[in-house]
Amino acid sequence: MRGLKLPLSQTQRVRLQRAFEKLQSLSAMANSDASVTVADTIPVNYEDAFLKGHGTTDLNGELVATVCGVVERVNKLVYVRSLRARYKPEVGDVVVGRVVEVAQKRWRLEINFSQDAVLMLSSMNMPDGIQRRRTALDELNMRSIFEENDIVCAEVRNFQHDGSLQLQARSRKYGKLEKGQLLIIDPYLVKKSKQHFHHLEQFGIGLILGRNGYIWIGEHVEARDSMVIDQAKSTEQSTVVEGINQAYTPLEMRQNICRIGNAIRVLTSLGFNVDLNLIMETVELSSSLKIDIHDMLGSEFHVLVAEMEAERRILTTKRKR
Amino acid sequence: MVGLSVGEKHFIQGGIAQDLRSDGRKRLTYRPIYVETGVIPQAHGSARVRLGATDVIASVKAELGKPSALQPDKGKIAIYVDCSPTAAPMFEGRGGEELSTELSVALQRCLLGGKSGAGAGIDPTSLVVVEGKVCWDLYIDGLVISSDGNLLDALAAAIKAALSNTGIPKVDVAAETRSDEQPEVNISDEEFLQFDTSGIPVIVTLTKVGRHYIVDATSEEESQMSSAVSISVNRKGHICGLTKRGGVGLDPSIILDMISVAKHVSEQLINKLDSEIAAAEASEEES
């Protein structure tokens, strides 16, 4: 919605405009009193004791918003949650990050946050699976687990006193991600849901929606056994040779990976939330209309997706009533 | 430039080998090109070209000057490219100088022809006002705002669009001046001469990854390249310039193959670019 840079013909422009108007009218009905802009007064009962949270300030005895966003109330706390801010991590979030540094007993990961997150060696499962104390030898062999520039999936464990994040990757489903592509989108488009790991059986593809806006689409790998064999490959040489000799991803799977990737790109450029249902509907729309994978990034498909989403939301609101 | 893990590099190379790149393109497909003209009102001509996430602006300014003594019947054209720090943090201060000089030299070679001015894409004889005394100096500046690979192609397209958008003011020369005096010139504010840009070539960059070449590489794909050849082709299919980057040596037969591929790709690119420029000029006139 923010200035789509697409060459649209006149009819496409009209259709897109109409679809956006329908969506805006729907959302306006939902919560018109909760959204505020800067310097709006927040409706609050001044008799009750309440706590002023983030994004609010006391101006001439009135509670006024300092950011544009939605008013949230939690017990006595009143705060304004801005819509398009930097990624704000919460404990238990699934994030995807890239290793930038291998330091003493820890890896530093870049996760699209204001600081790099830390993954301690003790928060990782060891390759042989045994729970034991980490020795000096383990510390020296950290590079055999994760190296610089590797993509890692982990969970937010807690915040440290200086505001930086600590991650953990204790479960089988976390760990290094290979054989796929990473997409970077705005973090506010990925909402917290029950499941962030999706295994699309019909394609054999694993989709990880990191809450920090990093999305991984790749071949689905079962239960992280790749760590067990890594003891054998002790040198950099053997990994490189192994990489060249490994077969490339089969064409069928690659087409599905690219299709899902393009569906996510279209949804982000239109500003829609990225969740599994919407992605699958977009992919099905493109395959049912026999649209070529690259043409999914063209103007016609953007307009079709906007119209489809408008129809879908009208249906869901009708069903709710 | 963000690094890539071994798995991602393997995935990109596999995609190129199988003719299906990360965003679904074939090896010889360009990203959608988006052209806007007239973005800088104070310049005589300007254009902004977006090629995926690559974003460049080109502007053309014309000033009256004296032609050089060696070529009294030709105007002067200077091309200069600047990489803005908004594209990458390493371009701050003097960090972007190396890349800027490389791009400027490549564009000069492709568009301006030889030292004598022969074989130029832009005809300098059309810039002369009074032979030997007064001519137009054209300053073409390119600015890289955002870099996602394939800067040379985007800059060449932006320069072509900017030149189509350029209006050189009409000049009235006072008649009857003595031969050793500077003639008086009257620059009109109303009438403008449009440039003829049909002869301007486009640049097609072919990036070799593994055993295949791709057109319009993103910065991730460029990090995997062994070498890249940029070929400038004009509408008639003639080669106007050739630049090779990358330290890996290429067999001559590969270069000849790349040239024929570039010729083939350039036909579609020239047509697409012309239609986009025409659409941009039309929408600029509306607004």
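**Close-up views of two open sheets**

**View 1. Val36(A) pairs with Gly69(A) across a bridge.** In this predicted model, Gly69(A), a residue of β5(A), is the bridge partner of Val36(A). The strands concerned are β1(A) and β5 (residues 69-74) of chain A, which run antiparallel and are joined by two bridges.

**View 2. An open sheet with mixed pairing lies in chain A.** The sheet consists of four strands, in the order β1-β5-β6-β2 (chain A), and its pairing is mixed. At its edges stand β1 (35-36) and β2 (51-52) of chain A; each has a single partner strand, so one side of each is left without a neighbour in the sheet.

**View 3. An open sheet with antiparallel pairing lies in chain B.** Four strands follow one another in the order β10-β9-β11-β12 (chain B), and their pairing is antiparallel. The edge positions belong to β10 (212-215) and β12 (239-245) of chain B, and because each has a single partner strand, one side of each lacks a neighbour in the sheet. From one strand to the next, the twist averages 25°.

**View 4. β11(B) and β12(B) form an antiparallel pair.** Six bridges link strand β11 (residues 227-233) of chain B with β12(B). Opposite Val233(B) stands Ile239(B), a residue of β12(B).

Definitions and conventions
Residues are numbered from 1 along each chain as its sequence is written. Chains are lettered from A and ligands numbered from 1 in the order in which they are written. This is a predicted model: local features need pLDDT of at least 70, side-chain atom pairs count only at pLDDT 80 or more; totals for chains, interfaces and linings use all residues. Side-chain values use heavy atoms; hydrogens and water are left out. Two strands pair if DSSP finds at least two bridges between them. Axes are lines fitted to C-alpha atoms, for helices over the stretch in contact, and angles run from 0 to 180 degrees between N-to-C directions.
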